[in-house]
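Please prepare a short briefing on the structure shown here, covering its sheet, its aromatic pairs, its cores and a few single residues.

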Amino acid sequence: ALAYQAGDDWELRYARANDTNGDNWGEPIVIGEMEEDNTFGNLLSAAIVNGHPAIAYLASLSRELHYVRALDANGDSWGDPIIFEGHLAVPSLLVVNGKPALCFAGEYYVRAQDVNGESWGDPVNVTPQWGWWGQMFLVNGCPAITCDAKVLINGHYTKVLKYMRALDADGNSWGEMTPVSSDTNTTMNSPLVVHGHPAIAYVWRHGDYKHLKYVKATDPDGTNWRYPVIVDEVVGLSYPSLKIVSGYPAIGYIDGIQIKFAIYY
């Protein structure tokens, strides 16, 4: 199944395959249109929440985060979105200890009060270092966040890839946010647990080029990190996605208008 944005009205759409291999697909379902829900499906995150597909996305006009969950297991019909007012950031949706949770650009964290995400508490600011591209994943039983944190170095603001892990399974308290490399001017990242240790694929801007890098922690909690590996360097590199393929870490990413794939042996 896919959640994506398309159309002149920036429609948020959902499509599910008619077969297990994805060879044939059903008609996309329009979850909302710009005139109605102010949807902006380009910045979205999807997950399975209590057996139903769910999507967190950024609205285009109000510039606020929305959460919406399907009313059935296939995603044929959808409920009304829940709006998190006053939050302009890339969302990351994850099921944390049985309940859906969201992080907003690595700065705010909130977990639902029920398994469907019908009721939520107030988002908690877990770090003073604001970022834009924050991603959340589970590390050794606790939620963890990676983000391009905005920091002041030698009188100039730049972005540094940082990592932070909760101290409990629900994410009620968090440890310190620490840099995972010495790179500055970092941007989009994709985290994943690789062979028991957290790892991150990220983009590092250096001169006219963007470098795709991969870095992995030396321990299961992500307390210490190895030196990053350069995977590729191109001008238009963006949107890395880290997965495991045949037991090896692999990264899909965009180079201009091309989609590329790299596997690390």
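A residue counts as exposed when its relative accessible area is over 50%, and as buried when that value is under 20%. Asp80, at 73% relative accessibility, is therefore exposed. The model is predicted. The points below are grouped by topic.

**Asp80**
- Asp80 sits in the loop that joins β6 (65-69) to β7.
- Apart from neighbours within four places in sequence, Asp80 is in contact with Tyr67 and Val68.
- Between the C-alpha atoms of Asp80 and Leu192 the separation is 31 Å, and the two residues are 112 residues apart along the chain.

**The four-stranded sheet**
- Four strands form an open sheet in the order β12-β13-β14-β15, and their pairing is antiparallel.
- β12 (134-139) and β15 (178-179) are the edge strands; each has a single partner strand, so one side of each lacks a neighbour in the sheet.
- Within this sheet, β13 (residues 142-153) and β14 (residues 156-165) are joined by 10 bridges in the antiparallel sense.
- Ala144 is placed opposite Arg165 of β14.

**Arg165**
- Arg165 belongs to strand β14.
- With a relative accessible area of 17%, Arg165 falls under the 20% limit and so counts as buried.
- A polar atom of the Arg165 side chain lies 3.1 Å from the backbone oxygen of Asn140.
- Leaving out residues up to four places away in sequence, Arg165 touches Val139, Asn140, Cys142, Pro143, Ala144, Trp174, Gly175 and Asp221.

**Aromatic pairs**
- The model has eight aromatic pairs.
- In one of them, Phe84 and Trp120, the ring centres are 5.3 Å apart and the planes stand at 85°, so the pair is edge-to-face.
- This pair links distant parts of the chain: Phe84 is in strand β7 (residues 82-84), Trp120 is in the loop between β10 (108-111) and β11 (124-125), and they are 36 residues apart.
- Phe84 and Trp120 are both buried.
- Tyr67, Phe84, Phe104 and Trp120 are linked into a cluster by ring pairs.

**Lysines over rings**
- Lys150 lies over the face of Tyr157, at 4.8 Å from the ring centre.
- Lys213 lies over the face of Trp204, at 4.2 Å from the ring centre.

- In soluble globular proteins, nonpolar side chains tend to be buried together.
- Here the largest nonpolar core has 20 residues, and those with the most contacts inside it are Tyr67, Phe84, Leu93, Leu102, Phe104, Val110 and Trp120.
- At least two residues of this core come from each of β4 (44-49), β5 (52-58), β6 and β9 (99-104).
- The most is given by β5, with three residues.
- Setting aside residues up to four places away in sequence, Phe84 touches Glu64, Leu65, Tyr67, Leu102, Phe104, Val110, Trp120 and Pro123.
- A second, separate core has 15 residues, among them Leu94, Ala101, Val126 and Met136.

**Ser238**
- Ser238 is part of strand β20 (residues 237-245).
- Its relative accessible area is 12%, so Ser238 is buried.
- Not counting residues up to four places away in sequence, Ser238 touches Met188, Tyr253 and Ile254.

Terms used: Residues are numbered from 1 along each chain as its sequence is written. This is a predicted model: local features need pLDDT of at least 70, side-chain atom pairs count only at pLDDT 80 or more; totals for chains, interfaces and linings use all residues. Side-chain values use heavy atoms; hydrogens and water are left out. Two strands pair if DSSP finds at least two bridges between them. Rings of Phe, Tyr and Trp (its six-membered ring) pair if their centres lie within 6.5 Å; planes under 30 degrees apart count as stacked, over 60 as edge-to-face and the rest as tilted. Buried means under 20% relative accessible area, exposed over 50%, partly exposed in between (1.4 Å probe, protein chains only). A charge sits over a ring if NZ of Lys or CZ of Arg is within 6 Å of the ring centre and within 35 degrees of the ring normal. Contact means heavy atoms within 4.5 Å. A polar contact is a pair of N or O atoms within 3.5 Å; within protein, one must be able to donate a hydrogen and the other to accept it, and residues adjacent in sequence count only if both atoms are side-chain atoms. A nonpolar core is a set of buried Ala, Val, Leu, Ile, Met, Phe, Trp, Tyr and Cys residues joined through side-chain atoms within 4.5 Å.
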